[in-house]
Amino acid sequence: MVRRIELWLPKSQTRAVAELLDDRAPKTCEAIWTVLAEPVERTLLHAILSGENVLFYNLPPIAKPGDLPLENHKVRAGAGDLMFFFMPAGQLAGLHGLADWLDPSGNVYEVAFSYGESDFMVPTLQGWRGSHWATVVENRTGFAAGCRATRFEGTQPIVLRRIEDTDPASAPRDRPSL
């Protein structure tokens, strides 16, 4: 069974679906699936140096995040790639201005959504390594347009939730079908 999640951008009324890469990043996928037991709403911001991607820093805490191996590591992500980054408290400089966005423990849980070419070489050189854990498989173009809008229009909300049933009829009724 392929596990899937919904990515919902309420501002632009954009819905996309991503499939978890359980065969390539099994521990990362399981950890993220677990924290998505309840839908997660966060605020996206656009990356500054790494290219065409948006991110948020405050995924709900993962049990024993330091035990997660680096899985399906990518330095250059493509359109539709979802990346997970973890950095223990005190290891990542420059986030003091984002304290309200971070986990109170100081641990940094980042999810990045690449909507085009993204180069994570600079973060990788700083020890910030990402696991490619999911890929957008439905409405990649629409999702890219919604993500690109954050570059010019500013932050926007995103909701991530599990799709428990792969039947298209299980999509929430208040969201457009694809």
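Two strands are taken as paired if DSSP finds at least two bridges between them. The views below show a predicted model.

**View 1. Strands S1 and S2 form a hairpin.** Strand S1 covers residues 4–9, and six bridges join it to S2 in an antiparallel arrangement. Across this pairing, Trp8 lies opposite Arg15 of S2. Four residues separate the two strands, and within the turn Gln13 has a positive phi of about 55°.

**View 2. Strand S2 also pairs with strand S8.** The two strands run antiparallel and share four bridges, with S8 spanning residues 130–138. Leu20 is placed opposite Ala134 of S8. S2 itself comprises residues 14–20, and six of its seven residues are buried.

View 3. His46 counts as buried because its relative accessible area is 11%, the cut-off being under 20%.

**View 4. Residues 169–178 have pLDDT under 50.** For this segment the model has 19 contacts beyond four places in sequence. Where pLDDT is low, predicted coordinates should not be read in detail. For the protein as a whole, the mean pLDDT is 82, and 77% of residues reach 70 or more.

Notes. Residues are numbered from 1 along each chain as its sequence is written. This is a predicted model: local features need pLDDT of at least 70, side-chain atom pairs count only at pLDDT 80 or more; totals for chains, interfaces and linings use all residues. Side-chain values use heavy atoms; hydrogens and water are left out. pLDDT is the predictor's confidence in each residue, from 0 to 100. Contact means heavy atoms within 4.5 Å. Buried means under 20% relative accessible area, exposed over 50%, partly exposed in between (1.4 Å probe, protein chains only).
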